[in-house]
Every structure is written in C-alpha cells, then in structure tokens.
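Here is a short briefing to read alongside the model. Please keep the 3D view open as you go.

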Amino acid sequence: MNKGGGMKKMKYVLVTGGVVSGLGKGVTASSIGVLLKACGLRVTSIKIDPYLNTDAGTMSPFEHGEVYVLDDGGEVDLDLGNYERFLDIKLTRDNNITTGKIYQAVIDKERRGDYLGKTVQVVPHITDAIQEWIERVAMIPVDEQPGPADVCVIELGGTIGDIESMPFTEALGQFSYRVGAGNFCLIHVSLVPVLSAVGEQKSKPTQHSVRGLRSLGLTPNILACRSTLALEENVKQKLSQFCHVPAENIITLYDVPNIWHLPSLLRDQKAHGAILGALNLLGFVNVAREPNLKEWTSRAESCDMLLEPVRIAIVGKYTGLSDSYLSLLKALLHASVSLRKKLVVDWVPASDIEDETAKENPDAYKAAWKLLQGADGVLVPGGFGDRGVEGKILAAKYARENRIPFLGICLGMQIAVIEFARSILGLQDANSTEFDPDTTSPCVIFMPEGSKTHFGGTMRLGSRRTYFQVMDCKSAKLYGNRGFVDERHRHRYEVNPDMVSTLEDAGLSFAGKDETGQRMEIVELPNHPYYIGTQFHPEFKSRPGKPSALFLGLIAAACGQLDSLLHAHKIPNGMAKKVSLYQNGNATKFAKIPADGIYSNCNGVHA
C-alpha cells in the first residue's frame, strides 16, 4: 500500500464503548482488523487503558483477567492477546498505553527540564503526549514486513464518560482534527437492550451515549450496537435520526455461536464499506471492496458443527473468572477445533481437591474430584501465591499415576517436579522456596536476577530460546523436530539446577533447557502417554489457524490420537503447514455452544 503511489498517510480507526462495560470492544476491534486485513490492508493495533498502573503486571486476574505477555516482555491487557490471535501479528509493550505510562513519561520530561519552566498541565502536555505516543507506535511494523502498516485500530478502554478516560477522549478529539476527517474513523460500540417487561429494543441508552461522545469532541462514523437480535428497522432509523449517523452505517453485533463469526457478521452488514469510505480508501486499486474471509468462515462453521467432546480439567486458583485463563482457553480451543473435537472445560478449584476441604466442605471436595476423574486430560496453569498449591500437586500425582494426559505450565511444571520428588525420590518436604523458604529439599528456587521487593516487571519476561536436549521426545516431535524453540516467559522461580541430575536419574527428563543449560524449560516423563511441563507459556503464541504444538499434543493425547498424529507427521513443521478446519458437508446437526465456543462447568454449574 505504501509503494507505487499508494496510500502514504497512516489511517486510524478508533473503537470506543458506551452505556456499560463488557460489550466486547476488544473482540470487535480485533474483528475490524481482520476485516480490513481481508481487504488487503496491513493492520496494527493499540489498546488504551485509562488506569494509573504502569502496566497490567501487578493487577489481580480476578479483577482484570489474565496478564498477557508479549515477545518484548511487556505485561499488557488481555485484549492485546485478541489482536495478536485474530491478526497474527506481534505487538510491543508500547502498543498498550496506560495513564500511568503517559504521566510517567510527562513527569520524566518535566524533571529533565524539557518544558523550559512552563506549568505542566493535562492540556496540552498530557494530551500532546498521548497523540505523540499513538503516532510513534502506529509506525512500528508488527507483521514481519518492512515499513509501517496502513491502518491502526485503536481501542479506548472503559466507557465514555468515565473520569479517568477524560484526558484520552480530549486527546483523541484533537487527534481526529489533526489527522483530518479522511484519515480517522470512529466506531462507537453501544448497547441496545430489550426490556423483558416491554419486549422491544430500546435506543435511548445509545442516544445518550452518543450525545456524551459528541459533547467530548468526538463524532461517530459508525455505530456498532450490541443486542441479542438484529436491530429492527424502526430502531435503526431512530438511532440514525438522533445520533446523526447514516442508517447504513449502523450495524448490529447480535449474539453468534462463537466469536469467529464476528468478522463475517461485520462483512455481511457492509461494515468494511463504511470504514473504507470514512478513510477515503475506496478508490485505491490495492484495496479489495469485498474482503476474503473464506478461512475465517470455514473455521467458524467447523467450530459450530463439532459434536464429539474432549474434556479438559483446568486445575487452578482463579477458576471463578474464565478471563483469568483466556489465552489458555483459546489455545485449547485452537487445538481441539483443528482435531475436530468439541472442547469441554471442567473448572476445578485447586483448593477444593485438598484434604483440608474434605473435612471442611465434603460436597465441594467430592464434586471437584468427580470433575478431575472424569476428564480426558489435565492442565495445571501458572499462578502466584501458595493457595491451592497442594491441590495442584495432587492433580499432577493423579495424572501421573493414572496415565492421564497432563500439561503443566510455569508453576504447573514446577509442581510436577515437586510431586515427582516427593513420590518417587521420597523427599516428603520437597517444595518451592516460594511456599516453604526453609524446605530441606528445595526443588524450585528464586532466580538470582529477580527482585523480592519490587513486583512489577522484575520477572524473567518475554521471548526466550529453549534448546532441546533430547530429540526423541514428544515435545521435540510436536515442535517439528527443531533444535530450539522461542516461547514467552513470566516467572521469578525456577527448578533448582543442583537437583536436576538426581531427578533425571530417577526417570524425569528435562528435554529442554536455556542456552546456559542451567535453566530447565521443558520436563517430560518418557514412559507416560503424555506428561509434559514447560517453564514458558506456550498459550501466548497459539493462533486460530496455527495451534500451539503442546496444546495440540495434549488434546490429541486426550483423544487417543497422539501416536497417529506424531507418526503421520501431521504436526505443522515450524507451525507452517496449515490444518484443514472445514468440517465435511454431511454434518447436519449443529451444536448450540456459548459465545466463545467453549463448554465449561465448575462443580456442575455452567461458567
């Protein structure tokens, strides 16, 4: 697009939200990116979070969902995971703007004397810093091609009218004027509720939201209305009249079987035409007027038609909020869809399977163990703190002794090592110094470069290289028999290198290590159908069309397909070989599935 007299100026699409939070702005912004990419444009993304935290690293998963980790070690909002998965791009920590980052940058400049003695104020200094940040980051290539992208999709977190969003809405109002109308498109995601007593769609909340948006200097080009059903024509006309938006630019984001349908939903309502028109891109020869979404559509339809279940028990600490494990869920979904299985997630609170719970709450204890024992595979994710650790150890022991496919990630790998040391080596007090600083058998220890006083950004973070020590192992085969693999990390404790030889002599295989050979990255039990632990987080690099190798292995093992998968070399070599996702046309029965395509329950309750 930037060659041969094509488009030269960066184009911006801003996605805002109104009425209530949780409308799905992140998935909407990601789907808009997919739509524009399908038109032949190169797309990058920015997420604005108006909180004062510098980044998401120290925030509770219960409150904010998972912390998503980027290649450069940035700990960012989970919506950046949506962008990376949908658009198959690699973002940087600067693609997540927070109030904390902006104020920190401005205060640093003030301390250096860059403002030459002027009074530093929200307008113009904070607002200018926001605009400069957006322009700078929008130019960073994220798709492994030279030069900047064509369009930058910006999502403003929170709800229009929030006090903490005010500097950003002011800055974006100035920004829209600065870059010019033909280079800026505002999409406002709002709610059109249906009151059960009346049974009709109500447009008033959206009218008020748009009025508030306009009073802040931002005028929407497109309204994306969340509703259970498609907007009625009279409601659309009313919104058009009161919100000053053409009726053809008002689209409905109604409920769909799974979120992969959203790009097609936008396309069918000609959202791409409205966006391209607002950005003056309809006349460019390189821009397709009709997006090519064949692969997306086939994947979405394939997901709908899956009937044969595979049950995975996630034994964790944050099971009350599925967003705490969003990337894990997506990686499991990518793998199960590629193997044509319907993913069923059983949430098992780790503390519920501990002996203490058997005394205090026997019903919860029985329900948790019933879920664990009914699963085809067990996944123990990462986490911090000692709550539920003994339960995770019991889950690893159960999977090891009963030859149930097991995948342990980060802390999940560490507890697998602790369990092995206790059960096989007989070291009853084997533990991590994180949970028992005085243990005489420290299987897991604090990393020398970490900090025990400052928690934000002091872990081993981002993309690091793991070298395979054994090629004749499941993990190496799953990764396409490569000598090394680059995956993302987030941890401050590691397996004690002084205990490695003892553990290996007892039958545990450390199949992957870092470049020094001192840091354990992958652990396997060679005589087990599938028992793998990783210090890194493979879920962060899983994509809908390119599932993570180790998640693919877990699902395959849980379905009894691992041997055929490995022997038939169906694993993507270097993740390049595409997995056919389209279900055969004979399937006539459609499964009713939740919006994310995942069935789940916790103690028998749909979560």
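Among contacts in the chain between residues at least 6 apart in sequence, what percentage join residues at least 24 apart? The answer is 74%. Please bear in mind that this is a predicted model.

**Overall fold and dimensions**
- You will find 20 helices and 23 strands in the chain.
- The radius of gyration is 25 Å, close to the 25 Å that the globule rule gives for 607 residues, so the chain is as compact as a globular protein of that length.
- If you orient the C-alpha trace along its principal axes, the spans come to about 75 × 70 × 55 Å.

**Burial and surface**
- Of the 607 residues in the chain, 58% are buried.

**Charge**
- Counting side chains, the chain carries 65 positive and 68 negative ones.
- The centres of these two sets lie 7 Å apart.

**A look at helix 1**
- Helix 1 covers residues 25-38, which gives it 14 residues.
- From its first C-alpha to its last, helix 1 reaches 20 Å, close to the 20 Å expected at 1.5 Å a residue.
- Helix 1 is mostly covered, with 13 of its 14 residues buried.
- Just after helix 1 comes glycine 40, whose phi is positive at about 100°.

Note on methods
Residues are numbered from 1 along each chain as its sequence is written. This is a predicted model: local features need pLDDT of at least 70, side-chain atom pairs count only at pLDDT 80 or more; totals for chains, interfaces and linings use all residues. Side-chain values use heavy atoms; hydrogens and water are left out. Helices (H or I, at least four residues) and strands (E, at least two) are DSSP runs, numbered from the N terminus. The radius of gyration is taken over C-alpha atoms; the globule rule is 2.2 Å times the number of residues to the power 0.38. Buried means under 20% relative accessible area, exposed over 50%, partly exposed in between (1.4 Å probe, protein chains only). Contact means heavy atoms within 4.5 Å. Lys and Arg count as positive and Asp and Glu as negative; His and the chain ends are not counted. The place of a charge is taken as NZ of Lys, CZ of Arg, CG of Asp or CD of Glu. The expected span of a helix is 1.5 Å times one less than its number of residues.
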